[in-house]
Amino acid sequence: MSRTKQYVRVYVTPLANNLAYQDNEIEITDYIIEDGVSEIREFIDSEDYDFGLFSFADVDIQVDNHNGKLGPPNDSRSIFTHARDLAKLRVVFCSEDTVGESITETTVFRGLINDEASVSDFQEGTITLTALSMDSILGRVILDNGFITDGTLASEALLSVLSIEKIATVFSVDASDINVGLDFTIEDASPFANISARDAIAMLLFASNSVLLFSDAQEAIVQERTVNDIDPHYFYGGDALTGRENVLAVQNYNDGRQRMFNSVKINGDIEQKNLPFIAEFGLRQKTADIDFIVDTEIIGEIATTLLDQFKAPKVELELQHDFSNNTSIRLLDPASVDIPLRLVPIPGTFMFIFDQSIMDDDDEQMPEEVGAFKIDANIKFKVIERRLDPSTFVQTLKLRQDGTELEDGYF
Amino acid sequence: MSGVMFFSENLITIEGGSAASALVSGDDSVQSILDRNPDTYWRSVDSDDTTEERIIIEFPTLYDISALFLIGMNFKEFKVRWQTFIVGTWNEFTNVTGVGGAKSGVNETTYAYDTGYYTFDSVNTAAIEIKCLKTQVADAEKFLSQVFVVESRLGQLSGYPNVTVHNDRASKVRTAISGRRIISKSRELLHADLTFDNYPTASEYVADVELIYSLFHRDKPFLVWLCGGAVGSTAFKHTLRGFRLRDVVQMQIENVIDATYNENIYIAQANLEVNLVEHI
């Protein structure tokens, strides 16, 4: 892959009023301090020893404010005429060809400025803007008593929450993009009263065995944890037989037992467990409370669904690659990692060729295999976390083997 | 030939979409010639000096090519031709220069080296054909490790900077509790430092420095041939790794170039150094 110029650009869209944004984005790249964009991270279920957590990119951006352009709205020079809090912020990765004739832009972060966490440095004349991910708006909205009613399906409740007007100013949602893993009827909606939209979403996602993602077009998508139905992204180590190589490093390789739960107990007494897996791997239990469902059969079904998803240990690893080589990777995309052992021919001989060499041929013998670890290319991984370092353009992917049984998760 | 030689990057890789086929024997191993691995080879099956092996390499698209390497081979009598797109005819290269000097096409009958190098008038093609009849040891199985095809030769140094070759195994060294070492090694890598010390001011040497700067500004990697085609005891008493005919390596410049004039006199000799590292 040829190297081209790579850099980031940063844009903001200030609010025009409480409910609407200005029409045009404003580029603030020139105000960004060198290495002033922090790591960008988004993940689902990628925290060790748990599942059901979700979050997207939070990013800190250090900017120069010598002319007051990025100051608070009480400074008449500021571009934030209404409020700086909740202004949209977008970080773009740019790749420019060698003669500068074309620039490819990839949006790597969309978020909202959180003024509460932003800090001004009077000595240096700089501001560190903290931008929370798009889903942070969910934490700013509270559900009224009765917003969700008894008898509502989980999918309907998710759609209603995500369609709240203030939330809809940040991202859109369509009913066709709400596809939960387990759709159930909310029997007691009172736990949803007077809580944040984020807490409500988290409760519903957990119980429905679903995750919340955002498309490049700022659309909210609720789906199961199934891997996206696209061609896999291919990664190769230095000794891959095809001579390709695009892996910078592999870290934190493990067999996934830290995210395996072979027993799920809800509300203290409704438990589903997999006895053979408990016998083999030892008990690992996830407990939770679901207080918006009364029917124990439905709760049992929820527990069974969650147990089935996480009962088997699945290989996990972190892989680093040059972001410019592949800017299209998204959460839940499939990936293949081909890192074989290094084959070293016996001195004075040629390597054995399957379907061609003859056994016991002195000239062509089985090579030695050298190396500490290997990863088979036929393991089907899915992306559960992305971390991009804007200063080095190195992206770290956390990959988890697909599947729910010991024997599945292969191409 | 002499002086370090530089070429544009190798065009034919598996990753890039090129594919090889062996039409007589050894088709199961022929992709090895595109994998950039010196340990893997295409090898014929039950061949001898009466059997002409034939390999075709097809490119994913039309390329302009003006030089090629056949690396790690035992061919004695062989030829290479290019194909006219769509029409499909096979043509001789013209204005060919090889390791042994000027040639009529890429045609050899008594070749004795393990690597072949040929420049020729540029052609626009999507396929080349390699035919081999005889081996340097009579009636041996034929083998070939790598084929490189490039668009252009970027240049050759007229002078001789100090060349330091680094043969790197990317070793991981750990100390065991006894104090002894545990060492794991990776594939052999080749890096080279070119140090231009008191580099002369004649025009051909000024051109050398300009060539180095052009490589420095190049975003794509490039092939480096430290021996520049020089071979044999008249060129090297010891042929160190890196200076063998087969040591054609894809590299890039990784350092900042710190350049000075001797005594800060602008019409005096120049001093600079570049660190070339093997590139993927």
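Here are some notes on a sheet and helix in chain A and on the fold of chain B.

1. Ground rules. This is a predicted model, where local features need pLDDT of at least 70 and side-chain atom pairs count only at pLDDT 80 or more, while totals for chains, interfaces and linings use all residues. Residues are numbered from 1 along each chain as its sequence is written, chains are lettered from A and ligands numbered from 1 in the order in which they are written, and side-chain values use heavy atoms, with hydrogens and water left out.

2. The sheet in chain A. You'll find 3 strands in an open, mixed sheet, ordered 17-16-18. Strands here are DSSP runs (E, at least two residues), helices are H or I runs of at least four, and both are numbered from the N terminus; two strands pair if DSSP finds at least two bridges between them. Strand 17 (270–273) and strand 18 (285–288) of chain A sit at the edges, each pairing on one side only. Neighbouring strands are turned by 15° on average, direction ignored.

3. Strands 16 and 17 of chain A. Strand 16 (residues 263–266) runs antiparallel to strand 17, with 4 bridges joining them.

4. Helix 5 of chain A. Helix 5 (residues 296–310) packs on the sheet, touching strand 16 and strand 17, and makes about 30° with the direction of strand 17. Axes are lines fitted to C-alpha atoms, for helices over the stretch in contact, and angles run from 0 to 180 degrees between N-to-C directions. At the helix start, a side-chain oxygen of A:Asp295 comes within 2.8 Å of the backbone nitrogen of A:Glu297.

5. What helix 5 buries. Its buried residues (under 20% relative accessible area, 1.4 Å probe, protein chains only; exposed is over 50%, partly exposed in between) include A:Ile298, A:Ile302, A:Leu306 and A:Phe310. The buried residues pack against helix 3 (197–207), strand 16, strand 17, strand 25 (381–389) and strand 26 (394–401) of chain A; contact means heavy atoms within 4.5 Å.

6. Chain B overall. Its secondary structure comes to 1 helix and 20 strands. Of its 280 residues, 49% count as buried. Among contacts between residues at least 6 apart in sequence, 74% join residues at least 24 apart.

7. Two positive phi values in chain B. B:Asp46, not a glycine, has phi near 55°; it lies in the loop between strand 3 (42–43) and strand 4 (53–73) and counts as exposed because its relative accessibility is 67%. B:Ala170 has phi of about 50°, in the loop between strand 13 (162–168) and strand 14 (172–175); at 29% relative accessibility, B:Ala170 counts as partly exposed.

Definitions and conventions
Polar contact = N/O pair within 3.5 Å; in protein donor to acceptor, adjacent residues only side chain to side chain.
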